2 protein chains.
Amino acid sequence: VLSQLRSGLKPGTPVVLCAKGIETNTGLLLPEVLGEILPQAEPAILSGPSFARDVAKGLPTAVTIAAREAVASRLAVSLGSASFRPYVSEDVTGVALGGAAKNVYAIACGMVEGAGLGESARAAAISRGFAELLRLGAQLGAKSDTLMGLSGLGDLVLTATSMSSRNFALGVGLGRGASLAQLSGPGKPLAEGAATAPALVERAARHGVELPIAEAVAAVLAGKLGVREAADRLLSRPLKAE
Amino acid sequence: VLSQLRSGLKPGTPVVLCAKGIETNTGLLLPEVLGEILPQAEPAILSGPSFARDVAKGLPTAVTIAAREAVASRLAVSLGSASFRPYVSEDVTGVALGGAAKNVYAIACGMVEGAGLGESARAAAISRGFAELLRLGAQLGAKSDTLMGLSGLGDLVLTATSMSSRNFALGVGLGRGASLAQLSGPGKPLAEGAATAPALVERAARHGVELPIAEAVAAVLAGKLGVREAADRLLSRPLKAE
């Protein structure tokens, strides 16, 4: 398929990314991957808090479509409906980053839940995870408005508070003491955040940004750290400014 | 009690506000009220995502304590413990605003839930509500970092996603079609957001800021608008930039 696209895609054709993640090993965000493999494409990305189930039922859903302004506006009209509302943005990087990172923080929140640490601790994990995301976004050229919007914060909240989220559910399993091997594999739901966590940490390190929560998630996934130890480590950081 | 405090409180004594809300009629935030009635007090405020139940059980909880820096640091040490972690801030206004406003947006999210609009729509309501809070905060001199932190976003997420929250539960009842009179009154749990919603809208209007979601909540609470109409009105806004 890719080789057909490579030779057959007319320059300037919009390609709307609907996947979320960071390329393993290279640490590239999906628009960066697209730029490498289909440089003639006009990059666009669709992301936001939207369970497929809710969209299919016609329940109201608000998402973000990012591309160059004229392209994004056109796509918003052609993809939108009375119940499915795409808001336009020009920040392709910010949308891609928010969509990838939220899966990692959803695992963190699931771990807190699974370990029985309470809803207050889960809310703190979302809040502190969001702060990490803003720090990394600033280095990558994402706009903070994007990260604070539907495709960033909105999707993070949805993914990190619902058992319908595969990534949150994976975190709950880890928090109860199961290993990644027990929770994933053929026939089990795919939780993209498990692959994204180490890639996110690596990409951040390249920009000189530390992500303590994402690092803890990656370490637990790799079997190098227990959930309780991870929580203790995060909580024992010195009392200081937020 | 107040007259005793007025005459007996030594100038510079820290007074830590632990309540959340906006004064009806005056639209004042609690530190502003404190400045009027106890001008000799050193104002401080404690807020953040923390159900009393979780704190009492010794589950990990992270909150914000705001005051002048030296005062906030001292209070963080005297109030903190291994599981109850106050992070320091100097933004008394931002902490007060976040704590008050989150109750209003929790009612909005409850309404979405009660009306059966789905988790995606609930996440969109949190995200769009948070955007309103940031716009108002900018006009009141709150720091966006504060609103994005534990006492703003963190507490909003906790309050707006848990049936243990009285304000969220009130919204669920409204969303199912009950009236405020049926859901409140003697013997029923106090949901501060019901009083805060109109006060927040009024205060924002004084600063030239529109809060469509808070306005919808106030109108539903006043019996002037149905939940479905409110949702339709919010969703029928034109497709545009976030």
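This is a predicted model: local features need pLDDT of at least 70, side-chain atom pairs count only at pLDDT 80 or more; totals for chains, interfaces and linings use all residues.
Which residue just after α11(A) takes a positive phi? A:Gly208 does, with a phi of about 75°.

Helix α11(A) covers residues 193-206, which makes 14 residues.

The positive phi of A:Gly208 belongs to a glycine. Most residues other than glycine have a negative phi. A:Asn25 is not a glycine, yet its phi is positive, at about 75°. A:Asn25 sits in the loop between β1 and α2 of chain A. With a relative accessible area of 67%, A:Asn25 counts as exposed because the cut-off is over 50%. In chain B, B:Asn25 likewise has a positive phi, here about 80°. B:Asn25 is found in the loop between β1 and α2 of chain B, and its relative accessibility of 68% makes it exposed.

Next come the two chains together. Contact between them involves 48 residues of chain B and 48 residues of chain A. About 4100 Å² is buried between the chains, 62% of it on carbon and sulfur atoms. How many salt bridges are there between chain B and chain A? The count is two. A:Glu119 forms a salt bridge with B:Arg53, where the closest N and O atoms are 3.3 Å apart. Polar contacts between the chains number 16 residue pairs. On the side of chain B that touches chain A, α3, β3, β4, α6 and α8 of chain B each supply at least two residues. The largest share, eleven residues, comes from α6(B). By type, the residues on this side of chain B divide into 25 nonpolar, 14 polar and nine charged.

Over all chains, the structure holds 16 salt bridges. In chain B, B:Glu42 pairs with B:Arg68, with the closest N and O atoms 2.9 Å apart. This pair links distant parts of the chain: B:Glu42 is in strand β2, B:Arg68 is in the loop between β3 and α4, and they are 26 residues apart. B:Glu42 is buried, at a relative accessible area of 11%, whereas B:Arg68 is exposed, at 53%.

Another salt bridge joins B:Glu113 to B:Arg122, the closest N and O atoms being 3.4 Å apart. B:Glu113 is partly exposed, at 35% relative accessible area, while B:Arg122 is buried, at 6%.

B:Glu192 and B:Arg166 also meet in a salt bridge, at 3.3 Å from N to O. B:Glu192 lies in the loop between α10 and α11 of chain B, and B:Arg166 lies in helix α9, so the pair ties together parts that are 26 residues apart in sequence. B:Glu192 is partly exposed at 22% relative accessibility, and B:Arg166 is partly exposed at 43%.

In chain A, salt bridges link A:Lys20, A:Lys102 and A:Asp155 in a network.

Terms used: Residues are numbered from 1 along each chain as its sequence is written. Chains are lettered from A and ligands numbered from 1 in the order in which they are written. Side-chain values use heavy atoms; hydrogens and water are left out. Helices (H or I, at least four residues) and strands (E, at least two) are DSSP runs, numbered from the N terminus. The expected span of a helix is 1.5 Å times one less than its number of residues. Contact means heavy atoms within 4.5 Å. Buried area is the accessible area (1.4 Å probe) that two parts lose on being put together, summed over both. A salt bridge is a side-chain nitrogen of Lys or Arg within 4 Å of a carboxyl oxygen of Asp or Glu. A polar contact is a pair of N or O atoms within 3.5 Å; within protein, one must be able to donate a hydrogen and the other to accept it, and residues adjacent in sequence count only if both atoms are side-chain atoms. Ala, Val, Leu, Ile, Met, Phe, Trp, Tyr, Cys and Pro count as nonpolar, Asp, Glu, Lys and Arg as charged, and the others, Gly among them, as polar. Buried means under 20% relative accessible area, exposed over 50%, partly exposed in between (1.4 Å probe, protein chains only).
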